[in-house]
Amino acid sequence: MALTRNPALAATAAIGVLAALLALPYAGLTDFYLSYLYVVFFWIALATSWGILSGYAGYWSFGHAAFFGAGMYTTSTLAGKLGLPFLLTVPAAAAIAALLACVIGLVVFRIHSLRAEFFALLTLSVTYVLAALISNTALDGGAGVYLSHVELPTFGTSVPGAIYLMGLLLAVSALAISRWVLHSRLGAGLLAIHDDEDVAEVKGVPTLRYKLAAFAISSALAGAAGAIQAGYVGYVTVGETFSITVPLYVVLMSILGGARHWAGPAVGATLITVALSSVVGGAHAELGRAGVALGLIVVILVLPQGIVPAVLRRLARRSVAAAAEAAPDAGLPAQPASGKLINLVPPPPPVTGSGRVLLECQGVAKSFGGIRALRGVDLQVKEGEILALVGPNGSGKSTLINMISGHFALSGGAILMDGATISGLPPHAIASRGIARTYQIPRLFDHLTVLENVRLCAAFGYRADDADCSPEAVARQWLAFTGLADKADLLPPALNLHERKFVEFARALAARPRLLLLDEVLCGLTPTEVDQAVAMIQKIRAGGTTIVFVEHLMRAVVALADRVAVLDQGILLALGPPRETMQNPTVIRVYLGASHAA
Ligand SMILES: Nc1ncnc2c1ncn2[C@@H]1O[C@H](COP(=O)(O)OP(=O)(O)OP(=O)(O)O)[C@@H](O)[C@H]1O
């Protein structure tokens with residue numbers, strides 16, 4: 001408990017444990033125990049490396065044996081056949097495995113349909129393809145490769161001591177890298193990819209680059225583990241190396257410990273390795289293994305998020321309760337800890353009517369199979385204005401928002417921002433030009449808290465590199481602006497529709513965009529909530545942000561819009577000031593109906 005609250009104490013304890021583990025081979029621990037501990041470190045390194053892509057980003061790989069095996073065969077070839085020093089083969093194995101991951105990732109990560117179970121199956125197939133290639137070439141030839149003649153290092157007093165130290169170093173490196181990734185921008189992006197990859201991209205996360213980086217890091221660690229394991233076993237075979245055991249074990253270990261926490265896979269790996277080794281011998285080994293498997297099922301059912309997150313949550317709850325007892329005000333929302341306060345409504349007068357074109361749609365067309373959702377829309381959005389996009393259901397309003405934000409590719413035409421073409425750019429690049437959007441049905445990152453949802457958008461949004469404001473401070477201020485400050489630590493599923501819509505709103509605002517696209521933010525709100533939202537939108541425009549909003553609620557359209565664009569069946573039917581446009585007989589006929597005509 002004290003360790004979780006005191007990072008300096010935790011760091012000192014970790015250094016102490018590491019120093020003690022490093023000293024073990026020199027303190028005369030027998031080779032048997034050194035080998036035993038090496039096996040634990042080996043599984044810690046493998047499971048932790050798996051978690052970097054699969055745990056954080058949710059891309060479950062069943063092909064970890066491929067990268068581990070690439071490492072093993074790199075060492076067996078370089079050291080066993082070409083006579084290179086063993087230690088040199090470890091970084092080489094890591095590099096080969098990372099390269100293999102990059103080649104696979106460059107193809108697979110671009111294909112939208114190869115997510116979730118398809119990714120898992122594809123990585124499993126890669127393992128078998130690689131096994132077949134190695135088995136049928138001089139790399140193995142089907143007979144396996146002996147490494148008994150390879151000179152292994154003897155630091156740590158003996159070969160088992162050296163293997164132990166290499167395993168320890170690898171496990172500690174894997175943990176340190178995984179922890180660093182989780183707390184970095186890369187980790188924030190990966191967690192968002194896990195929950196909703198398309199939304200993460202639209203919010204500014206360069207998803208392809210991040211997935212490739214995670215895959216390469218994860219595979220490099222697996223490759224290095226394979227290299228050391230080759231030295232440990234001394235005889236490398238395709239059957240053992242590319243067996244299903246590796247991916248199966250690392251998946252189980254990660255789930256048991258908690259795949260979304262850097263320490264989770266290591267805890268799972270330690271528990272499973274120790275449990276399995278305790279039942280490996282004796283007359284009832286099979287029964288023992290079945291018992292371990294049953295225990296595993298029970299723990300996973302009781303703690304579906306894994307042991308580490310469950311324990312941390314319990315500790316956090318206890319410390320909140322203790323703090324509340326000590327100081328009754330402790331539960332109030334915290335003020336931003338760092339960063340200059342952001343002026344949410346800057347003093348300069350609104351720039352409405354500057355006349356400068358910020359966004360231009362030129363003949364924008366979109367077809368979904370036989371459905372022509374947009375049939376060549378020409379529209380200019382002027383800097384500082386509020387433009388309402390209205391029209392009957394299915395007229396193409398959301399599709400146009402999706403086109404501008406890059407969610408869908410255009411079937412025809414072009415979209416320009418500041419005179420430069422943005423259509424065809426990946427959504428994160430469009431976000432970096434200053435475009436942010438909300439979704440008609442909120443698409444929040446369900447495993448991130450409300451604060452984390454908004455902070456991510458501040459960190460990856462248009463003005464993310466504003467050194468004066470930390471993403472945390474920006475996020476807290478927009479949460480306060482939208483009235484959600486006291487919901488900061490909740491997960492989105494705990495919110496009602498109104499709150500979820502306002503989190504969407506806060507996320508878009510946290511990017512501090514130049515052009516804000518609001519897709520039916522008022523739909524489903526009570527009249528009071530609508531008034532609140534209208535006042536907010538007016539304040540945002542007062543700060544100089546250009547707004548395009550899709551809305552069916554005419555009262556809000558009239559109160560907010562400088563101009564109204566009416567879409568019907570994918571065609572721009574009318575464009576002009578609200579009252580004038582709404583009195584256009586064609587608009588009344590196709591959209592507003594007879595009641596308005598009267
Ligand atoms: N992903 C998709 N796949 C197939 N068809 C789609 C897709 N998205 C939209 N459409 C179709 O494109 C047309 C325009 O849909 P869109 O959602 O843009 O309309 P809308 O004006 O926003 O409607 P609403 O007011 O009901 O939200 C509809 O016929 C719709 O069924």
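Two strands are taken to pair if DSSP finds at least two bridges between them, and on that basis this predicted model contains an open sheet of four strands in the order β4-β3-β6-β7, with antiparallel pairing. β4 and β7 (420-421) stand at the edges with a single partner strand each, so one side of each has no neighbour in the sheet. Within this sheet, strand β3 (residues 357-368) and strand β6 (residues 412-417) run antiparallel and are joined by five bridges, and Glu360 stands opposite Leu416 in β6.

The residues surrounding the ligand are Phe368, Ile371, Ala373, Gly391, Asn393, Gly394, Ser395, Gly396, Lys397, Ser398 and Thr399, and by class the shell has three nonpolar, seven polar and one charged residues.

A further set of strands is arranged around β5. Five of the five residues of strand β5 (residues 386-390) are buried, so this strand is largely enclosed by the rest of the structure. Ile386, Ala388 and Val390 point one way from β5, while Leu387 and Leu389 point the other way, and all are buried. Strands of a sheet pair through backbone hydrogen bonds, either parallel or antiparallel. β5 pairs with strand β10 (residues 546-550) in the parallel sense over four bridges, with Leu387 standing opposite Val548 in β10. Four bridges also join β5 to strand β11 (residues 563-568), and these two strands run parallel; here Val390 stands opposite Val566 in β11.

At the level of the whole chain, the domain assignment gives domain 1 (2-311), domain 2 (345-434 + 515-598) and domain 3 (437-513). The centres of domain 1 and domain 2, taken over C-alpha atoms, are separated by 49 Å. Their contact takes seven residues from domain 1 and eight residues from domain 2, and the residues on the side of domain 1 that touches domain 2 divide into three nonpolar, one polar and three charged.

For "transmembrane region", an unreviewed UniProt entry lists several spans, among them residues 65-84 and 212-235. In the model, the end C-alpha atoms of residues 65-84 lie 24 Å apart, and that span is 85% helix and 0% strand. For residues 212-235 the end C-alpha atoms lie 32 Å apart, and the span is 92% helix and 4% strand.

Helix α8 (residues 185-195) has nine of its eleven residues buried, so α8 is largely enclosed by the rest of the structure. The buried residues of α8 are Leu186, Gly187, Ala188, Gly189, Leu190, Leu191, Ala192, Ile193 and His194. What covers these buried residues includes α3 (31-57), α7 (159-183), α9 (197-202), α10 (207-233) and α18.

Is Glu452 buried or exposed? Glu452 counts as buried because 20 C-beta neighbours lie inside 10 Å, and the threshold for that class is 20 or more. The C-alpha atoms of Glu452 and Gln477, which are 25 residues apart along the chain, are separated by 13 Å.

Conventions: Residues are numbered from 1 along each chain as its sequence is written. This is a predicted model: local features need pLDDT of at least 70, side-chain atom pairs count only at pLDDT 80 or more; totals for chains, interfaces and linings use all residues. A residue is near a molecule or strand if its C-beta atom, placed from the backbone, lies within 6 Å of it. Ala, Val, Leu, Ile, Met, Phe, Trp, Tyr, Cys and Pro count as nonpolar, Asp, Glu, Lys and Arg as charged, and the others, Gly among them, as polar. A residue is buried if 20 or more other C-beta atoms lie within 10 Å of its own, exposed if 12 or fewer, and partly exposed in between; C-beta atoms are placed from the backbone. UniProt positions are given in the numbering used here, feature names are shortened, and annotations may be inferred rather than shown by experiment. Domain bounds come from an automatic or database domain assignment. Two residues are in contact if their C-beta atoms, placed from the backbone, lie within 7 Å.
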